[in-house]
Amino acid sequence: MRILVTDSDTRPALAAVRALGRRGHEVVTAGVNHPSLASSSRYSSRFEHYEDPARDADAFVRSIVDIARRTEPDVLLPITEITTLLVTEHQSLLPPGCRIPFADAETVAAAANKAHVIQLAQTLGVPTPRTVILPSRDAVQLDALDLPYPVVIKPARSRVRIGSEWISTGVSYAANPSELRKALESLPAVYPVLLQERVNGPGVGVFGCFADGKPVAWFAHRRLREKPPSGGVSVLCESTPLDPTAVDYASRLLAALGWRGVAMVEFKQDDRDGSLRLMEINGRFWGSLQLAIEAGVDFPALAVAVARQEPLPEPLPYRIGVRSRWLAGDLDSLALVLLRSRLRLNLPPCHPGRWQALWSFLNPCGARLEIEQKDDPAPAKLEWKRRLLGG
């Protein structure tokens, strides 16, 4: 079977290419740059260039449609949020034999809208942080805002399309009304914006694959270290037993959306009472995909089966306690802790100090390296060459 994987310079693309290639599939990688993490893998049969979707969405659509027509893949596997949104929106342009493992464009866009997801959660009885949704900059009197400080400022969309370009948004914090007003005034046109109470506690994520609105596989891990350290992509994580409450909440949300394909539903466990609070849904492949594969849940293979409407295997127990480490990202996280103040990094009081962070970094704790793999060394060589030479 021929499978076309996008976003070839991302870690989940590399994980997917390796997993599918090891199963004997012919994998074509596509992206903006070559060589890239996934295109340099021994499991990539060829590379196809497309226009940068973040800079010119229309040109990307033309490119990916042309690639699909020339390479004739059985399945097109978009990896990142932008490519997933664009491919689902324009899937009618793909050749008839090319299938994608995601729901329709409206459903994918709804899952990417944090304001919609929070409102949906509230109707389903899924706990959320206290939230005020600002449809515009002047929608509420901030001095009368009924939220405790620090306030979390979170645009409803992580990626916002303006014309043919996409801009990335991020989470920020305000310690008082003056800081909040300045932060909102500096935001580009990314409304609606969520203002939320800050929930301190560990992140709890559940990862699922759905077909026809029903789950076919679940996986869970805990983040041991992140980049940036206050909360971001996982650089060291460990497979954990499923949290029944998290699975219940995630099932309600994804079933209500009519989800199809893979998704991650992210929560915070509130230090105050131990309850789970919904953060967001990521309706795409995630950065720590390699850990799930290492632990025994092959989400890329499941996504291909969903796309082709093939019989799906009964979910099997995965291995608990498997650790995966993105070494380069872990080094970046350590550097931030060593070189910046706790205040500047917005670190909670419980976060390890500099010496503890250094000792923890130097102790591998049995973690499997995500990029550095003996049977496929080229991606790691490329990543470290870039870091050393600045390329």
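Helix 10 (residues 327-339) and helix 13 (residues 378-389) pack at an angle of about 35 degrees, and their axes lie 10 Å apart. Axes are lines fitted to C-alpha atoms, for helices over the stretch in contact, and angles run from 0 to 180 degrees between N-to-C directions. Helices (H or I, at least four residues) and strands (E, at least two) are DSSP runs numbered from the N terminus. The model is predicted: local features need pLDDT of at least 70 and side-chain atom pairs count only at pLDDT 80 or more, while totals for chains, interfaces and linings use all residues. Residues are numbered from 1 along each chain as its sequence is written, and side-chain values use heavy atoms, with hydrogens and water left out.

On the helix 10 side, Leu327, Ala328, Gly329, Leu331 and Asp332 meet Glu383, Trp384 and Arg387 of helix 13, where contact means heavy atoms within 4.5 Å. By class, this contact of helix 10 with helix 13 has 4 nonpolar, 1 polar and 3 charged residues. In this classification Ala, Val, Leu, Ile, Met, Phe, Trp, Tyr, Cys and Pro are nonpolar, Asp, Glu, Lys and Arg are charged, and the others, Gly among them, are polar.

Helix 6 (residues 177-186) has Leu180, Ala183 and Leu184 as buried residues. Buried means under 20% relative accessible area, exposed over 50%, and partly exposed in between (1.4 Å probe, protein chains only). Seen down the axis of helix 6, the buried residues fall within an arc of 95 degrees, so they line one face of the helix; the arc is that of the directions from the helix axis to the C-beta atoms. An α-helix has 3.6 residues a turn, so residues three or four places apart point the same way. The buried residues of helix 6 pack against strand 5 (131-134), strand 6 (151-155), strand 9 (172-174) and strand 10 (193-197). Exposed residues Lys182, Glu185 and Ser186 are carried on the face turned away from the buried side. At the start of helix 6, a side-chain oxygen of asparagine 176 comes to within 3.1 Å of the backbone nitrogen of serine 178.

The loop between helix 6 and strand 10 contains valine 190, which is buried at a relative accessible area of 4%. Not counting residues up to four places away in sequence, valine 190 touches Pro155, Val160, Ile167 and Thr169. Proline 192 also has its place in the loop between helix 6 and strand 10, and the peptide bond from tyrosine 191 to proline 192 is cis, with omega near 5 degrees. A cis peptide bond also joins tyrosine 149 and proline 150, with omega of about 5 degrees; proline 150 is in the loop between strand 5 and strand 6.

Serine 41 and tyrosine 43 were examined next. Serine 41 lies in the loop between strand 2 (26-31) and strand 3 (44-49), and tyrosine 43 lies in the loop between strand 2 and strand 3. Serine 41 is buried, with a relative accessible area of 4%, and tyrosine 43 is buried, with a value of 16%. A polar atom of the serine 41 side chain is 3.1 Å from the backbone nitrogen of tyrosine 43. The tyrosine 43 side chain makes polar contacts with the side chains of arginine 22 (3.4 Å) and aspartate 375 (2.8 Å). A polar contact is a pair of N or O atoms within 3.5 Å; within protein, one must be able to donate a hydrogen and the other to accept it, and residues adjacent in sequence count only if both atoms are side-chain atoms. Beyond neighbours within four places in sequence, serine 41 is in contact with Leu14, Val17, Arg18, Asp376 and Pro379.

Arginine 11 is found in helix 1 (residues 11-22) and is buried, with a relative accessible area of 10%. The side chain of arginine 11 makes a polar contact with the side chain of glutamate 370 (3.0 Å).

Positive phi values occur at glutamate 72, about 50 degrees, and at glutamine 309, near 55 degrees. Glutamate 72 is exposed at 56% relative accessible area, and glutamine 309 is exposed at 64%.

With a disulfide taken as a pair of cysteine sulfur atoms within 2.5 Å, the count comes to 0 disulfides. The sulfur of cysteine 98 is 17 Å from the closest cysteine sulfur, in cysteine 209, too far for a bond. Cysteine 98 is buried at 10% relative accessibility, and cysteine 237 is buried at 2%.
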